[in-house]
Amino acid sequence: MLPTDPISKHFRLMAPHVSALKKLGILTIRDLLYHFPSRYEHAGASGSVARLVPGTKVSLVGILSKLQAKKLWKSRRTATEGVFEDSSGKVKVMWFNQPYIAKMAPQGIPVKLTGTVGGSAERPYITNPEVIAIAAGEVIAEGLFQKPDTLNLEPDTSIFPIYPESRGITSLWFYHALKRVFESGAHKKIDDPIPPEIRDRYHLPTLETSFVMVHTPEDEKHAQAARKRFSFEEIFAIQVARAKERAENAALPAFEITNASENAEKFLATIDFPPTRAQHRAIVDILADFANRHPMARLLEGDVGSGKTLVAAAAAYAVVNSRPPNRQSGTLQVAYMAPTEILAGQHFQSFIEYFKDLPINIGLITRSGCKKFPSKIASKNNRGKATDISRTQLLKWVANGEIAMLVGTHALIQKKVQFQHLALAIVDEQHRFGTRQRRELARKGDFPPHFLSMTATPIPRTLALTIYGDLDLSILDELPPGRAKITTEIIMPKMRAEAYEKVREELVKGRQAYVICPRINEPDPEKMNALQAKSAKAEAARLQKDVFPDYEVGLLHGGVKPAEKDRIMADFAAKKIDILVATSVVEVGINVPNATVMMIEGAERFGLAQLHQLRGRVQRSSNPPFCFLLPESKGDLAMKRLKALEKSADGFQLAESDLETRGAGDLYGSRQWGMSDLGMEALQNAKLIKAAREGALALVENDPRLAAHPALALRLQSSRGALHNE
Ligand code: ADP
Ligand code: MG
C-alpha cells in the first residue's frame, strides 16, 4: 500500500462509501491519513472490562444487553440488572432504585458507560452507571456493532475517534480502514513536511507518529499532541507559501514614485476635513512603501466608515503625479477594483468628488455593451462631472495613458484592458483577491504595480497574520468625528411589535430599512426541528402582506441573478423599495445612506464580526441609525455574544471576542479562508501562530525555492490543508 494509491485499490468500497469519500475529498491513502477525527469519545482511564479494579470509577465503551428489572427481597428495593460487553469481556451491571432503566437504556448499540466498580477482582460488577449512546448514527451500522460477538473495539483504546459526519460512511469505517493502513506501514512512506529542526524546537511529534496518535490515540494527551502538530503543519505550510510570495515580491523591480509625500500633502490640502490620525498613519505607511525598490503589497483594514477611500485617493494622487522613471513619457496609472458594478459606480463618484479641485482624468469601466451602466469618464477639463463614453474610446485612452485612474469591477483584469504604465492597483472589499489575480494585474504594465488591498471585514489578528502573511498591514482603528452613534438593541419576541413601530417611524420620516434573514428558502420539512430560522422569501411576503402593506418590500438573496441583483439594489438606492429583505449578501460594501434601520432575524446564527458588518450598512449618514437583533433562542452564550454587540462598536474587538467564544471555524466557515477546521482551531493559539510564522520566514529566507525541503514543497501543492489563495 502506497500513500498515493487510490483507496479503491485496497478497500472494497460500496456505492455509498464511494460517494461519501468523494464528497469529503478523500481519494488516496494519503488523503485518508489526513482526514482527522473532529472529536473523541472518552471511555475513561481503565477503559476495558478485562482490567476492572474494584472501588474505582470507570468508563467503558461497548454494548449493553439483557436488561431486566428485579425486586430485591431482602432490602425491598428495586434493581435492574444487565450485561455489558466490550471486546475484552463481559461484566454484570446493576442499578438500584431506577426501575425505568430497563426500559430506557439503549441496548444493542455502542454506549459509553460510566460508574463505580464493585465486587472483587475475580467477580467485579458495576453499580449505578450512567449510560450514553455514543455518536448515534455515526458509529452504528456496518454490521460490526450489531452482534456483540463480532464486537471489535481495541481493549486498551480508552478514547474513540469520531470523524466528521458524512452520509454513507461511519466513524467506524474510518477507524478500521486506518488500522489497515497502519498495518501496511503506508503512513511511514510520507516524508514529513516539517523540517526536523523546527519539529525539535517546538517539541512536535513526527508525521508518522502523529498519524497514529491522531487516529488511534491511547489517551487524550496523545490526541492533543497530534492535533497540535497537524494544526501547526497547516499554519506553517500556509505561512511558508505566503513567505515565498513575499520573497518573490521583494525580488521584483517596482515603479519609483517620485515626490510622493509632497503630492499626498497637496491632495490632503484640498480636502475639507483633516485626516484622522489612523488615516494619516496609513498614508505614511504607503508613502514609505513607495520609497522602496520593490512593489508595495499592503492590506488596509478598517471598519466600515473609517475612511479607507481617502487613504486610497491620497495614494492614487501621489502615483498619478509621479513621472515614469527617466524612460518613457506619459503618466503613471492607477486601477481601482470594486466587487460589484454598483460599488464601482459609487467609488467612481467618490473619486470625482475627492479630485474635484485637481486635474485628473478618471474612467469607469463596466460590463461591455451594457446600456444601464455605460462606461464613463470625468475629465480634467470638466472637473466634478461624469459623462458617458464608448468603451472602445475609454480603452484607447487607458492604453495611451490619457486616463490616469480607472475604476471598475473584475472587468479591469480582462485581456482587452491594457494600461500604459499601471503603477498602483487598489482592490476594495475583496478578501479573496488572490495572488494569481494580482499577477494578472502585474502583467498589464511594464512593471509589477504597487498593490493595496482594502477590507472592512474585521478578522482576528492571528487569522490576518496567516492568510495575509504576504501582505503588510495598516489598520484604521478610528472613525472620523461627528458620526451618529448606532443604537443596537436585542429584541425579545414579545417586543417585536415595538420594533416594527420603530421601523415604521423611520419609514414615515422617508428613510429606508433592511430586514436580514439567515436563510433564503423555507427550511426542508424533514429538518424542520433543527432549522426554524426565518427565510428571506417567506419573511418578505409576510412583511408585505401583514406588517407593511403600505410600503414597498423588496427581496434580495444569493440566489438572485447578478443583473436582477443590480436592478434591485438600484431600485433600493432610488427609493423605489422602502424595505429590503435580504440574506447576508448586503454585507459587502452596499452604500445607501438613506437606510437607517436594520432588523436582523435569527441574529445568534451570525458571527459577531458579520453582524457588525451588517449593521454598518445603516451607518452611512449623520442620521441616527438603529439595529435590532432578533434572536430565535436565548441560550446564555448566544445572549452574551449579542450583548457584546450592544456594547462594543469596534469590529476588531468583536472579531477577537468571537474567536474566543465560538472558535474561528464556526465564526467564518473555514471554507471561506480555505483552511481546515483544525487549522482554524489553531487561530486561538497566538503562540502557535507566531512560532509558525517565525519558522516559515526563517526557512524561506534561507531556502526561498524550498530546494532543500522537497516534502514541504509537496505539501504546499496539496489540495488538502488548502493553501490556495483563491
Ligand atoms: P470606508 O470605505 O472605510 O467604509 P469611506 O471611505 O466610504 O469609508 O468613508 C466614509 C465617509 O467618511 C465618507 O463620506 C467620507 O467622506 C468620510 N470621511 C472620510 N475621512 C474623513 C475624515 N477624516 N473626516 C471626516 N469625514 C471623513
Ligand atoms: Mg469603502
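What does the chain average in pLDDT, and how many of the residues score at least 70? Hello everyone, let's start there. This is a predicted model, in which local features need pLDDT of at least 70 and side-chain atom pairs count only at pLDDT 80 or more, while totals for chains, interfaces and linings use all residues. Residues are numbered from 1 along each chain as its sequence is written, chains are lettered from A and ligands numbered from 1 in the order written, and side-chain values use heavy atoms, leaving out hydrogens and water.

Now the answer: the average pLDDT is 82, and 87% of the residues reach at least 70. The term pLDDT is the predictor's confidence in each residue, from 0 to 100. A contact here means heavy atoms within 4.5 Å. Where pLDDT is low, the coordinates should not be read in detail.

Let's visit α9, which covers residues 277-290 and holds Asp-289. Helices are DSSP runs of H or I with at least four residues, strands are runs of E with at least two, and both are numbered from the N terminus. Is Asp-289 buried or exposed? Asp-289 is buried, at a relative accessible area of 10%. Buried means under 20%, exposed over 50%, and partly exposed in between, using a 1.4 Å probe and protein chains only. Leaving out residues up to four places away in sequence, Asp-289 touches His-294, Met-296, Arg-298 and His-450.

Next, a helix pair. Helix α18 (residues 608-615) packs against helix α19 (residues 636-647) at an angle of about 40°, their axes 10 Å apart. Axes are lines fitted to C-alpha atoms, for helices over the stretch in contact, and angles run from 0 to 180 degrees between N-to-C directions. From α18 come Leu-608, Leu-611, His-612 and Arg-615, and from α19 come Arg-641, Leu-642, Ala-644 and Leu-645.

Most residues other than glycine have a negative phi. Asn-128, in strand β6 (residues 124-133), has a positive phi of about 40° and is partly exposed, with a relative accessible area of 38%. Leu-706 also has a positive phi, near 60°. Leu-706 sits in the loop between α24 (686-702) and α25 (710-717), and counts as buried at 3% relative accessibility.
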